[in-house]
There are 2 protein chains.
Amino acid sequence: MSEFDDDTAVTATPDGLVAQVTDRWGIAGRPNGGYQIALAARALGAVAPFPDPVTLTAHFLRPPPAGPVAVDVELIRAGRAHATLMGRFTQEGREFLRVLGTYADLGAAAGPTRLAGSAPALPPPEACIPSHPPVAATAGAHSTFFDRLDLMLAPPGFVTAADYVGQVQGWVRFADGREPDVAALPLFADAFPPPVFAHVASGWVPTVELTVHVRGRPAPGWLIGSFRTRYLIDGYLEEDGELWDSTGRLVALSRQLAITRAAR
Amino acid sequence: MSEFDDDTAVTATPDGLVAQVTDRWGIAGRPNGGYQIALAARALGAVAPFPDPVTLTAHFLRPPPAGPVAVDVELIRAGRAHATLMGRFTQEGREFLRVLGTYADLGAAAGPTRLAGSAPALPPPEACIPSHPPVAATAGAHSTFFDRLDLMLAPPGFVTAADYVGQVQGWVRFADGREPDVAALPLFADAFPPPVFAHVASGWVPTVELTVHVRGRPAPGWLIGSFRTRYLIDGYLEEDGELWDSTGRLVALSRQLAITRAAR
């Protein structure tokens with residue numbers, strides 16, 4: 001078992017499903033949103049009759065402290081090819097996360113394929129720059145999240161941002177050698193520094209809602225992530241992401257709505 | 001009252017909130033997904049303490065026939081600036097739609113603005129082409145949806161699709177003169193023909209999940225819509241959209257996960 005598998009484990013008890021939020025995926029002491037949605041994906045997946053979360057939407061209600069979690073999963077509808085589920089995640093009766101998702105079997109998906117994009121051509125990971133959280137985000141707490149991932153960012157100047165308010169690209173994998181799978185994609189979809197950091201002074205860009213579309217099962221090895229923001233309006237911004245596996249296949253799209261208050 | 005307002009009205013009764021799915025927003029006899037999420041937005045909005053649905057996610061479970069709807073809205077959390085709600089929509093006990101959303105007051109939003117895009121420059125509406133549903137979609141049923149909207153598409157050749165599997169752009173407004181508002185944006189976010197029609201023979205591209213981010217309150221007049229698909233993989237596709245108001249302001253982003261089975 002890897003740390004990721006341990007820390008997203010969901011267990012059936014006489015009182016229902018339970019899990020643990022650990023302090024090993026924190027940024028400035030708050031559990032990363034991608035870690036939370038990955039835990040939720042595993043919980044919904046424990047009930048879903050299909051293996052792949054083709055679309056997951058999480059609404060983040062409050063940062064959960066480390067500790068036990070009561071998990072309530074509703075199987076809303078199970079059809080021949082898709083099943084829709086909802087998850088509620090609470091600590092001592094206080095809900096911190098609500099998730100809605102649809103699961104399918106991507107191994108059985110049969111339909112046309114047409115691609116209008118490909119993985120960005122990046123320098124190899126060893127020529128990229130290890131990601132560190134911005135100074136403001138680390139004040140007062142060690143960000144354990146960055147101990148768990150190898151996150152190598154393409155150098156400044158390599159990424160051209162003409163069409164974007166901000167863009168961040170790079171490589172990501174688990175530091176302990178665990179290979180990526182569909183359960184890990186939601187984590188990687190919220191692992192990169194916010195592209196909007198180029199324009200705002202705040203190190204804290206809270207996510208209101210994050211949606212991940214899992215489009216394929218990743219091959220072993222590094223993933224490439226590409227994240228960008230085009231529209232920052234009155235403090236609200238979208239962050240769009242793509243994750244590509246080591247064979248060059250698109251494995252996830254993500255979009256989140258986030259907030260920042262402070263212009264640089 | 002406009003047809004849109006009539007057909008998305010939510011009424012409090014001793015048995016709870018009720019609404020009506022009408023047959024006035026149908027495509028080949030099935031109520032359009034944008035109409036469904038607009039009805040849901042109005043239902044959540046009736047309970048939310050803030051006016052603007054900054055993010056709404058709908059999972060479409062089955063096409064609802066015209067008829068009465070039981071509406072169950074849960075206020076999950078209401079904070080100082082955001083409130084998160086969930087809606088269940090059922091007909092005779094059968095759920096056809098589940099929606100999760102967060103509401104805020106965009107009029108009170110205060111934060112930085114940076115834009116890396118603008119509304120596409122299109123020929124005026126009168127120089128565009130009235131949208132008609134594809135032949136396959138109209139077989140056997142009149143598509144009432146297209147009686148309710150003025151939908152004028154940019155001419156083929158005007159839209160360059162080099163970076164897209166498919167792209168559709170054009171103008172949209174209500175045919176009866178009702179002006180756009182935040183309640184109408186979810187409808188307009190699913191009103192255009194699927195960009196993937198360029199590559200698939202099927203006239204029916206069912207939506208699994210649709211997320212709309214409302215980013216501004218639209219000014220009166222035409223809206224410009226711009227929709228594109230970049231990745232069609234084994235029949236699954238994303239459709240990303242932008243809606244711009246008559247003053248050139250971005251008012252919504254949308255993304256849906258949809259399915260097609262038949263390659264052209």
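**A walk around E95(B)**

Visitor: Why is E95(B) called buried?
Guide: This is a predicted model, and in it E95(B) has a relative accessibility of 11%. Buried means under 20%, so E95(B) counts as buried.

Visitor: Where is E95(B) found, and what does it touch?
Guide: It's found in strand β8 of chain B, residues 94-104. Leaving out residues up to four places away in sequence, E95(B) touches I76(A), L61(B), R62(B), R88(B), F89(B) and T90(B).

Visitor: What makes the pair E95(B) and R98(B) a polar contact?
Guide: Their side chains are joined at 2.6 Å, and the cut-off for such a pair of N or O atoms is within 3.5 Å.

Visitor: How do you know that the length of helix α2 of chain B agrees with its number of residues?
Guide: Take its 15 residues, 33-47, at 1.5 Å a residue: they should span 21 Å. The end C-alpha atoms are 22 Å apart, which agrees.

Visitor: Why is α2(B) said to be largely enclosed?
Guide: Because 11 of its 15 residues are buried, the rest of the structure largely encloses it. Among the buried ones are G33(B), Y35(B), I37(B) and L44(B).

Visitor: What caps the N-terminal end of α2(B)?
Guide: That's N32(B), with a side-chain oxygen 2.7 Å from the backbone nitrogen of G34(B).

Visitor: How do you know that the copies meet through the same surface?
Guide: Of the interface residues of chain A, 100% are also interface residues in chain B, so the surface is the same.

How values were computed. Residues numbered from 1 in each chain as written. Chains lettered and ligands numbered in written order. Predicted model: local features only at pLDDT ≥ 70, side-chain atom pairs only at ≥ 80, totals over all residues. Heavy atoms only, no water. Helix = DSSP H or I, 4+ residues; strand = E, 2+ residues; numbered from the N terminus. Expected span 1.5 Å × (residues − 1). Buried < 20%, exposed > 50% of the residue type's maximum accessible area, 1.4 Å probe, protein only. Polar contact = N/O pair within 3.5 Å; in protein donor to acceptor, adjacent residues only side chain to side chain. Contact = heavy atoms within 4.5 Å.
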